[in-house]
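Reader: Could you walk me through this structure? I am new to it.
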Amino acid sequence: MATTLIQNGRIITASDDYVADVFIDGDTVRMIGTALPVKADRVIDATGKLVIPGGIDPHVHMELPFGGTVSSDDFESGTRAAAFGGTTSIIDFAIQYKGKTFQQTLDDWHAKAQGKCAIDYGFHLAVTEYEAQHAAEFAKVIDGGVTTFKLFLAYPGVFMVDDQTMFRVMRSAGEAGGLTLVHAENGDAISLKIAELMAAGKTEPKYHAQSRPPVMQADGVARALRVAEFAKAPVFIVHVSCEAAMMELVRSRDAGNPAYGETCTQYLFLDETEYDKPDFEGAKYVFTPPLVGRENIEPLWKGLKLGYLQEVSTDHCPFNFKGQKELGRGDFTKIPNGGPGVEDRLSLVYDGAMKRGFSLNKWVDLCSTASAKMFGMFPKKGTIAIGSDADIVIFDPHVERTISARTHHMNCDYSLFEGWRIKGKPQTVLSRGKVVVENDQYTGRRGDGKFLKRGTCATT
Ligand code: URP
Ligand code: ZN
Ligand code: ZN
């Protein structure tokens, strides 16, 4: 087995900050210490660099069929782009289509991902239908390493579940040791508003945002939290984009409930004025929940700092502008919902967190450790410790770069952050001991990534 020695880097975990060497044997961290007296097949000088655990993006959608098209990154291109950005684990959503068992759903997603990924990958199971025959499947699915279940309270007629289904799934998942994730909005009220806007000839991308304002997200979040409380089950709210929804979480957790949540990079930087861009460009920002007023951005950062929200994901679900987003010209309901993001998360959060006085430890926690703990991967993932997987990023905190679709590796013809100058960049990325990105080159191989059999979630 090949050995690697990373020398003299500043090791940052969620709790520690010190200069040392890291010795990797095969895919595992074996020694950490100053001036380690060992020889290795490969020595990497990390002087002046940050050595951090590989990023974990727990919310992505590779090659997801959605809105009459398919998200434009498959598991190969999307995970390679993730690696370039310093993310070494992703969790995608296996979505149950009507009539499928949980196991059939997971088999379909395994078939899409297997042998293609550049980094390790896991699945959440999105339940859209729950009949008596599914009850026995929870324990089996959890045993197979899928310990999180997702429900949509949006997209009626496609993925949305009713409250009875939500209650039953939360209760069964909780009893089996699982965690339920919720896309929380009021799908029914929103669908009426959409119909009214369309009937009034309001068809531009900005009406997507007007059809689903923060109050409808806060409503969905409040309902999901209360049903979870009734079901005596832990719950995790995905892609929280506004202060009103976040404060519902704070209220529930203050009351003693195991209620958690995330936000995504786009909500930490961008606001609803993006929808005013000319020439249909606002369609690039059509994802759900939509961008909201700028007054929400600092409260979200504050929520991350104070632990109101646990981590930052991307909800990476890219569609090209040409040929995909354009499907919704003249009808915003036909714009496929989603945007690209998996590649830039670590750097963007670094940039934004440093500007707001966060510690480096908190940055690592938000981008890696918290997700490893929340989603049953710690301490194999999410830290640099003896025995952990050698998923390591050597991050140059001084390099400045410009984000652009011309240079990114995501299979998407635009970037949400085109032209933005940011500080900090992953220089070398190791996935289970193998260097997969170095000096802007991909050095890994299709299929290096393995399925992540996750344990139960740290929700107390
Ligand atoms: O617009 C989005 N977020 N697309 C992906 C599906 C979802 O709701 O997470
Ligand atoms: Zn969603
Ligand atoms: Zn999503």
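Author: Let us begin with a term: two residues are in contact when heavy atoms of theirs lie within 4.5 Å. Please also keep in mind that this is a predicted model.

Reader: With that term in hand, what share of contacts between residues at least 6 apart in sequence join residues at least 24 apart?
Author: In the protein chain, 75% of those contacts join residues at least 24 apart.

Reader: And how many helices and strands are there?
Author: The protein chain contains 12 helices and 19 strands.

Reader: Why does the radius of gyration agree with a compact globule?
Author: A compact globule of 460 residues would have a radius of gyration near 23 Å, and the protein chain has 21 Å, so the two agree. The C-alpha trace spans about 70 × 50 × 40 Å along its principal axes.

Reader: What percentage of the residues count as buried?
Author: Of the 460 residues, 62% count as buried. The accessible surface of the protein chain amounts to about 16700 Å², and carbon and sulfur atoms account for 50% of that surface.

Reader: Let us turn to the metals. Which residues coordinate the zinc ion (ligand 3)?
Author: The coordinating residues are H59 through NE2, H61 through NE2 and D315 through OD, at 2.0 to 2.1 Å. Their spacing in sequence is H-x1-H-x253-D. The site links distant parts of the chain: H59 belongs to strand β6 (residues 55–60), whereas D315 sits in the loop between β15 (311–313) and α11 (345–355), 256 residues apart from H59.

Reader: Are H59 and D315 buried or exposed?
Author: H59 counts as buried because its relative accessibility is 0%. D315 has a relative accessible area of 9%, so D315 is buried.

Reader: What about the zinc ion (ligand 2): which residues coordinate it?
Author: H183 (ND1) and H239 (NE2) coordinate the zinc ion (ligand 2), at 2.1 Å. This pair also links distant parts of the chain, with H183 in strand β12 (residues 179–183) and H239 in the loop between β13 (235–237) and α8 (243–254), 56 residues apart. H183 is buried, since its relative accessible area is 1%, and H239 counts as buried at 3% relative accessibility.

Reader: What are the angles there, and how far apart are the two ions?
Author: The four donor atoms of the zinc ion (ligand 2) form angles of 57 to 151 degrees, and the site is irregular. The zinc ion (ligand 2) and the zinc ion (ligand 3) are separated by 3.8 Å.

Reader: Changing topic to the backbone: where are there cis peptide bonds?
Author: One runs from T288 to P289, with omega near -5 degrees; P289 lies in the loop between α9 (265–269) and α10 (297–306). Another joins F378 and P379, with omega about 0 degrees. P379 is placed in the loop between α12 (360–374) and β16 (392–402).

Reader: And which residues have a positive phi without being glycine?
Author: Among them is A35, with phi near 45 degrees. A35 lies in the loop between β3 (28–33) and β4 (42–45) and is exposed, with a relative accessible area of 67%. D315, one of the residues that coordinate the zinc ion (ligand 3), has a positive phi of about 55 degrees.

Methods. Residues numbered from 1 in each chain as written. Chains lettered and ligands numbered in written order. Predicted model: local features only at pLDDT ≥ 70, side-chain atom pairs only at ≥ 80, totals over all residues. Heavy atoms only, no water. Donors = N, O, S within 2.8 Å, 3.2 Å for Na, K, Ca; no water. Helix = DSSP H or I, 4+ residues; strand = E, 2+ residues; numbered from the N terminus. Buried < 20%, exposed > 50% of the residue type's maximum accessible area, 1.4 Å probe, protein only. Tetrahedral: all angles 85-135°; square planar, octahedral: opposite > 155°, others 65-115°. Rg over C-alpha atoms; globule rule 2.2 N^0.38 Å. Areas by Shrake-Rupley, 256 points an atom, 1.4 Å probe, with all protein chains shown as cover.
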